[in-house]
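The following note sets out a few points on the structure shown below.

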Amino acid sequence: MNLRRWVQIAATLTTNAWWLTPFGGPVIYGGRLKAFCSPGLNCYSCPAAALSCPIGTLQFMFASLRPSLEVGKIHLGLYVLGFLGTIGALVGRMPCAWLCPFGLFQGLMYRIPSPKLAIPRQLYFLKYVFLALFVVLLPALVLDQFGYGQTWYCKYVCPAGTLEAGLPLLALKPSLRAMAGWLLAGKLSILALFLAWMVVSKRPFCRTSCPLGAFYSLFNRVSVLRLTYDEDKCVRCKACERHCPMGVAFYEAPNHQNCIRCLRCMLHSCRYGAIGYEIAGVRGPGMAESDGPFKDPLRP
Amino acid sequence: MPRRFPYVLLSVFLVLFVLGVTLGEPESVFEKAVAICLSCIGVG
C-alpha cells in the first residue's frame with residue numbers, strides 16, 4: 001500500500017474518530033471539535049464524524065443569513081470560506097486526493113473488477129452548477145415564511161450524506177425510519193446511481209458533482225503548489241492519463257480543474273521526467289528519467 | 001520567477017478566516033453540527 005493510501009486512511013479515521021455510538025454513547029458526537037471543518041467532504045451527521053462538513057456548513061450559513069442579520073449576527077460564512085480558500089490557495093485540489101473520506105471510498109470502489117467507462121467531459125461543469133446553485137444561491141434566496149432557506153445540496157443531492165449519515169442513523173435510530181418518505185427514496189436512488197458509477201468510472205462524484213472539489217479546483221492554476229510540464233521531455237505515451245485517478249490528460253492541460261495532486265503521474269507514471277512541481281514559481285528538483293522496467297502504480 | 005499572486009490570495013483568505021472567527025462564526029458552526037441534520041440524512 002502506498003503512502004497516499006495510508007494518509008487517506010489516517011485522515012478518514014481522524015475525521016471520523018467518534019466510535020461510541022454503538023456502545024451507548026450519544027448518536028452523534030457533540031464535542032467542541034465540531035466547530036472545526038474537515039478539509040474533505042464528510043457529513044457532520046455521520047455517527048462517527050468528529051468535525052463539520054464545510055459544504056453543509058456553508059449552506060447552513062447562507063440559509064440562515066437573513067435571520068442571523070435580523071438578530072445582529074453578521075455571519076456570512078467567512079470562517080468556512082477563509083478556511084477552504086486558504087487550503088485552496090496553498091495546494092488547490094490536493095485534499096481531494098489525500099484527505100477526503102469519500103474520495104478514498106470511490107477509489108476503493110473502482111478497484112472492483114468490471115468493464116470501465118470514460119466520463120463525458122461535458123459533465124465536468126455540473127459540479128460548478130451544484131456549487132453556485134445548490135450551495136450558494138438557492139439556500140440564500142429561496143426562503144420560507146420565517147426567512148430561513150434550506151440546505152439544498154445536502155437535502156436533495158449529497159450521496160456522501162446518505163451513505164455516511166443517512167443509512168447508519170436509520171439503522172441506529174428506529175424512530176427516524178417512520179419519517180422516511182419520497183425524499184429518502186430519491187436520495188437513495190442518487191446514492192445507488194453513484195455507487196454503480198464508481199465501480200465503472202474513476203471518481204465520478206469528484207469529477208461531476210462535488211461542490212467542494214469545484215471550489216478547490218478554482219485555485220488549481222494559481223495555488224502556491226502547482227505541477228509543471230516539460231513539453232520537450234514528454235513523448236505523449238499517455239501513461240499519466242491512464243493511471244490518473246481522475247482521468248486527466250496531463251500533457252493536454254497541466255493543473256486541470258480535475259487534477260487532485262495525488263502526484264501519481266509525477267512519481268510513478270511518467271518515465272521521462274516530464275512532470276515536476278513548483279512552489280510559488282520556484283521549481284522543485286525535476287524527476288529523473290527512468291530506463292528501468294515500467295512500474296504500474298495500480299499493481300505495486 | 002517567483003509568483004506573488006498565490007501569497008496575495010492566501011493572505012486574503014486568511015483575513016477572511018480570522019474575520020469569521022472574530023465574528024463568532026465557529027459557534028454557529030458548532031451549534032449546527034452537534035444536532036442531527038435531518039435534511040442530510042434524507043428525512044427532513
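This is a predicted model: local features need pLDDT of at least 70, side-chain atom pairs count only at pLDDT 80 or more; totals for chains, interfaces and linings use all residues.

1. The helices α2(A) and α7(A) cross in a right-handed sense. Helix α2 of chain A spans residues 54–63 and helix α7 of chain A spans residues 126–141; their axes come within 7 Å and cross at roughly 25°. Because angles under 35 degrees count as roughly parallel, α2(A) is classed as roughly parallel to α7(A).

2. The residues behind this crossing can be listed for both helices. From α2(A), the contact is made by Ile55(A), Leu58(A), Gln59(A), Phe62(A) and Ala63(A). From α7(A), the partners are Val135(A), Val136(A), Pro139(A) and Ala140(A). By class, the contact of α2(A) with α7(A) comprises eight nonpolar residues, one polar residue and no charged residue. As a general point, an α-helix has 3.6 residues a turn, so residues three or four places apart point the same way.

3. Seven of its nine residues are buried, so α6(A) is largely enclosed by the rest of the structure. The buried residues of α6(A) are Pro101(A), Phe102(A), Gly103(A), Leu104(A), Gln106(A), Gly107(A) and Met109(A). What covers them includes, from chain A, α1 (3–15), α5 (94–98), α9 (159–172), α11 (182–200) and α12 (204–208).

4. Turning to chain B, which secondary-structure elements does it hold? Chain B has three helices and zero strands, and its pattern along the sequence reads α-α-α. Taken along the principal axes, the box filled by the C-alpha atoms of chain B is roughly 55 × 25 × 10 Å. Chain B has 44 residues, of which 36% count as buried.

5. The contact between the two chains is the final item. On the side of chain B, 32 residues are in contact with 46 residues of chain A. Each of α1 (5–22), α2 (25–33) and α3 (38–41) of chain B supplies at least two residues of the side that touches chain A. Which helix gives the most to that side? It is α1(B), with twelve residues. By class, the side of chain B that touches chain A has 24 nonpolar residues, together with four polar and four charged residues.

Notes:
Residues are numbered from 1 along each chain as its sequence is written. Chains are lettered from A and ligands numbered from 1 in the order in which they are written. Two residues are in contact if their C-beta atoms, placed from the backbone, lie within 7 Å. Helices (H or I, at least four residues) and strands (E, at least two) are DSSP runs, numbered from the N terminus. Ala, Val, Leu, Ile, Met, Phe, Trp, Tyr, Cys and Pro count as nonpolar, Asp, Glu, Lys and Arg as charged, and the others, Gly among them, as polar. A residue is buried if 20 or more other C-beta atoms lie within 10 Å of its own, exposed if 12 or fewer, and partly exposed in between; C-beta atoms are placed from the backbone. Axes are lines fitted to C-alpha atoms, for helices over the stretch in contact, and angles run from 0 to 180 degrees between N-to-C directions. Angles under 35 degrees count as roughly parallel, over 145 as roughly antiparallel, 65 to 115 as roughly perpendicular and the rest as oblique. A crossing is left-handed if the near helix is turned anticlockwise from the far one by less than a right angle, and right-handed if clockwise.
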